[in-house]
Structure formats: structure tokens, C-alpha cells
Amino acid sequence: MNITHLTELEIQDYATDAKNSEGVVSHIESCESCKNKVVQYRLLFSEIKNSPVPAFNFNLSEVVLGQLQVVEQARTGWVFAKYLPLFVTVILLAFPLYFYRDVLAGIVKQTQVDVLCTAIVVALTVVVYQSTSLSKKFKRQMSTLSMIDNLQH
Ligand SMILES: [Zn+2]
């Protein structure tokens with residue numbers, strides 16, 4: 001039986017079914033202590049896999065690059081989500097206001113302000129809701145990333 005136990009990295013590689021040398025495989029098969037560590041790592045990794053990150057990879061740079069793309073997507077989505085309700089509101093308000101401007105001219109100005117205020121409140125509510133859920137998602141992904149980072153060291 002081997003006296004020297006496997007390194008944490010070798011055990012992690014084994015736990016993720018990475019390519020292993022014959023020495024590693026035969027040690028784990030004969031060593032209860034390392035076998036237990038493999039079980040613990042697999043449990044830990046499966047927990048991480050269940051988190052929102054789509055794929056777990058031990059190459060940290062790939063993980064970071066993946067996260068950056070997620071950030072880009074989130075930013076693009078953010079700008080779009082932020083302004084879309086306002087654009088829609090402006091367009092929806094502008095068309096009737098333009099075509100019925102003669103009719104509307106007779107209506108008290110206060111009414112238009114009320115309609116505008118209501119539309120703005122609705123639009124702001126949508127924006128706040130969308131940005132909140134986006135930032136929650138982003139924070140969750142970032143905490144997963146730091147967890148992965150901690151595992152590397
Ligand atoms: Zn061992």
C-alpha cells in the first residue's frame with residue numbers, strides 16, 4: 001500500500017472524472033482516507049453544479065471569461081430593460097396626442113399630466129423590478145465564482 005497520500009488537486013481531478021494516472025487510480029482504490037475525500041469533493045462539486053452557473057470547469061480563466069460574458073449580457077439586458085418601457089410609454093402617448101391634438105386641446109391640461117404621471121410610475125415600477133431581479137441574479141453568480149476561486153487555493 002502507498003504511504004504518500006494523493007494531493008488535493010489529484011483528488012479533485014479524480015472526483016471530477018478527469019484524466020487520471022494509473023498511480024492515482026490504484027491509490028484511491030486502495031486508500032480509505034483518499035476515497036473519503038473523493039466522496040466529499042463530489043458532494044461539494046454537485047452542490048456547486050446545482051447553483052445558477054451553467055457549467056463548472058476547473059480552468060479558472062474559463063470560468064472568469066464565462067462570468068464576464070454573463071456580465072456583458074446582463075449589461076446589454078439592463079440598458080434595454082431600462083429604456084424599453086419609457087420608449088413604449090412615450091410612443092403610446094405621442095401617437096394619440098399627435099393625431100387627436102385638436103380634440104385634446106379642448107381637454108383640461110391637468111388630465112394629460114395625470115396620464116403622464118401614471119405612465120411614468122408604471123414604467124419606473126417595471127424598471128425597478130427588472131433591475132432588482134437582474135442584480136440578484138448577478139450577485140448569486142458572483143458568489144458562486146468566489147466559491148470556485150476559493151476551491152482553487
Ligand atoms: Zn491516500
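Visitor: Where is Lys35 found?

Guide: Lys35 is found in helix 3, which covers residues 32-49; helices here are DSSP runs of H or I with at least four residues, strands are runs of E with at least two, and both are numbered from the N terminus. The model is a predicted one, in which local features need pLDDT of at least 70 and side-chain atom pairs count only at pLDDT 80 or more, while totals for chains, interfaces and linings use all residues. Residues are numbered from 1 along each chain as its sequence is written.

Visitor: Why is Lys35 called partly exposed?

Guide: A residue is buried if 20 or more other C-beta atoms, placed from the backbone, lie within 10 Å of its own, exposed if 12 or fewer do, and partly exposed in between. Lys35 has 15 C-beta neighbours inside 10 Å and therefore counts as partly exposed. In space, Lys35 and Ala15 are 9.3 Å apart, C-alpha to C-alpha, although 20 residues separate them in sequence.

Visitor: What makes helix 1 oblique to helix 3?

Guide: The axes of helix 1 (residues 8-15) and helix 3 come within 9 Å and cross at roughly 60°. That angle makes helix 1 oblique to helix 3, because angles under 35 degrees count as roughly parallel, those over 145 as roughly antiparallel, those from 65 to 115 as roughly perpendicular, and the rest as oblique. The axes themselves are lines fitted to C-alpha atoms, for helices over the stretch in contact, with angles running from 0 to 180 degrees between N-to-C directions.

Visitor: Which residues make the contact of helix 1 with helix 3?

Guide: Helix 1 contributes Ile11, Gln12, Tyr14 and Ala15, and helix 3 contributes Cys34, Lys37, Val38, Tyr41, Arg42 and Phe45, where contact requires C-beta atoms, placed from the backbone, to lie within 7 Å.

Visitor: What are the buried residues of helix 1, and against which helices do they pack?

Guide: Glu10, Ile11, Gln12 and Tyr14 are the buried residues of helix 1, and they pack against helix 2 (22-30) and helix 3. Just after helix 1, Asp17 takes a positive phi of about 60°.

Visitor: What makes up the largest nonpolar core?

Guide: Such a core is a set of buried Ala, Val, Leu, Ile, Met, Phe, Trp, Tyr and Cys residues joined through C-beta atoms within 7 Å, and the largest one consists of five residues, namely Leu6, Ile11, Tyr14, Ile28 and Cys34. Leaving aside neighbours within four places in sequence, Leu6 is in contact with Ile11, Val24, His27, Ile28 and Cys34.

Key: Contact = placed C-beta atoms within 7 Å.
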